[in-house]
Amino acid sequence: MPSRREFLRLAAVATAALSAPRALGSTRQPELRGSIDAVRYKAVPDGGDRKSGSLQRMIDDASRNNVPVFLPPGTYKVSNLSLPDNTRITGVPGASRIVYTGDGHLFSAENVRRIELSNIVIDGQNRWLGDYAGALLQFTGVDEVLIDNCEIGGSRKHGLQLERCGGRIERSRISGAGQSGLYAVESAGLSIAGNEVFDCGNGGILVHRWKKAADNSIVSGNRVYRIRANDGGTGQNGNGINIFRADNVMVTGNHVSDCAFTAIRANSASNIQISDNQCHRSGETAVYVEFEFEGAVVSGNMIDGAANGISIANFDQGGRLASVTGNVVRNLTLKGPYPHELGFGVGIAAEADTLISGNIVEGAPRWGMQLGWGPYLRNLVVTGNVIRKAPIGCAVSVADGAGTVVITDNIFQETTQGAVIGFEWDKKVSGELATAGQARYPQLTVERNRIS
C-alpha cells in the first residue's frame with residue numbers, strides 16, 4: 001500500500017494534470033502527467049475507432065515503456081483488445097467510457113504478471129460474445145489483476161472472469177451480467193472487497209476451483225443484491241456469494257439481499273469462514289455449508305427473511321466439523337423455489353461434529369433447529385440458544401444409527417408443539433424430551449432447558 005505521503009503526491013499530480021488550463025483554441029484533452037499521449041495515437045473519444053487499432057497500439061507502447069494509459073472523458077468504441085504485461089489503464093471516474101462493439105471479446109490477458117484498470121466505465125451493451133469468451137473481461141494466468149473504482153455492465157455472459165489469477169478487485173460496480181458478475185476460478189489469494197454486484201442472471205460473486213484445494217481468497221465488504229436464477233436448478237444458480245471446492249476462504253462483512261437462492265453458499269469448501277454478514281430476503285437457505293467439507297465457522301450473521309436460515313449439511317458425503325455461533329435468524333417462510341423432501345421453514349440445521357451456541361432463532365414456521373437427518377447425526381452440542389415462535393424448537397433425529405447430541409441450557413418460548421421432539425426422518429416419534437427425560441434414547445443429553 002502507498003504511504004500517506006505518496007498518496008497525497010499522486011493525488012496532487014493527477015489534480016494538476018486534470019485542471020491545467022488548455023491553450024486558447026486547443027482541442028487536446030487534459031491527461032495524467034507521466035501517461036502516454038492518447039491524441040498522438042488518434043485514440044480519441046468518439047473517434048469511431050471500431051477496429052481498436054489505435055488504442056491497441058497505445059496500450060502496447062505504454063506497456064513497453066512502463067507508463068500508464070490515461071483515457072480522457074468520452075466514449076471509446078472498441079473490441080478484441082489484448083492486454084500485455086504491465087498494462088495500466090486509467091480514466092476519469094464515470095466519464096471515461098469503453099463501449100464494446102461486438103465481434104468476440106472486449107479485454108483479455110493471458111500468462112502475464114500484472115494488469116491494472118482503474119476509474120473507467122466498461123459497457124458490454126449486451127452484445128454477442130465469442131464462443132471462446134467466458135466474459136466481457138477475461139484474464140487467465142495473471143499474477144496480479146488490479147481493478148479499482150471501475151463500472152462493468154451489460155455482459156451477456158460473466159461480467160469479469162479470472163482464471164488462475166491473484167490480485168484485488170475492489171471499489172467497483174458490476175451489474176447486468178447474463179451469468180455472474182464476477183467468476184473467479186483457481187485463484188491465488190484473490191481479494192474481492194468493497195464492490196457492488198447486482199442485477200445478474202445467475203450469480204453474484206463466484207469463487208470456484210476445478211479440483212478441491214486451497215484458494216485463500218477473501219470476499220469482504222461487498223454489497224450484492226437482486227441475483228436471479230435464470231437457468232434454474234436447485235442451488236447451482238441464484239446465489240449472491242458462492243464458494244465451490246475452494247478451501248481457506250473468508251466471507252466477511254458483506255451485505256447480500258434479494259437472491260433467488262442463497263445469500264452465501266459454500267459447497268465442498270473446507271476451512272470456510274462466514275462471519276458478520278447481512279443476509280436479507282433469500283429465496284432458499286440464507287447461509288449454506290454443504291457436501292464435502294471439513295471445518296466451517298458461521299458466526300455473527302444477521303439473517304432476516306429466507307426459506308431456511310443456516311444449514312450445515314451432507315454428513316453422508318463428508319460434510320462435518322463446524323461452529324455456528326452468535327447468529328440471529330428470523331422471519332423465515334415455508335415457501336421455497338423447488339419441492340423439498342422435508343420442506344422449508346427451518347432456522348438452523350446441522351448433522352455432524354458441530355457446536356451450535358449463542359444463536360437466536362425467531363419465527364421459523366417449521367422447526368427452530370433440525371438436529372440430524374435419519375442416521376446422519378454425530379456429536380452435536382446445542383447450548384445457550386434462544387428459540388422463539390416455532391412450532392417445534394429442536395427436531396432431533398432418533399432414527400437407527402443416529403449419534404450423540406447434547407441439548408442444554410437453551411430457552412424455548414412459544415414452541416407450541418414441543419421444545420425438543422424426537423424424529424425418525426420426517427416422522428415424529430416422541431413426546432416432549434425437554435421435560436420428560438430421554439431414557440429411551442441414551443445417545444441424547446437434554447438438560448437445564450427452560451420452556452415458557
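Which helix holds both Asp61 and Arg64, and how many residues apart are they? Both lie in helix H2, 3 residues apart, about one turn of the helix.

This is a predicted model, in which local features need pLDDT of at least 70, side-chain atom pairs count only at pLDDT 80 or more, and totals for chains, interfaces and linings use all residues. Residues are numbered from 1 along each chain as its sequence is written, and side-chain values use heavy atoms, with hydrogens and water left out.

**View 1. Asp61 and Arg64 form a salt bridge.** Their closest N and O atoms are 2.0 Å apart. A salt bridge is a side-chain nitrogen of Lys or Arg within 4 Å of a carboxyl oxygen of Asp or Glu. Arg64 counts as exposed, at 62% relative accessibility. Buried means under 20% relative accessible area, exposed over 50%, and partly exposed in between (1.4 Å probe, protein chains only).

**View 2. A salt bridge joins Asp353 and Arg378.** The closest N and O atoms are 2.5 Å apart. Asp353 belongs to strand E34 (residues 352-357) and Arg378 to strand E37 (residues 378-383). Helices (H or I, at least four residues) and strands (E, at least two) are DSSP runs, numbered from the N terminus. Asp353 is buried at 12%, whereas Arg378 is partly exposed at 32%.

**View 3. The largest nonpolar core has 106 residues.** Such a core is a set of buried Ala, Val, Leu, Ile, Met, Phe, Trp, Tyr and Cys residues joined through side-chain atoms within 4.5 Å. Helix H2 (residues 53-64) gives the most to this core, with 4 residues.
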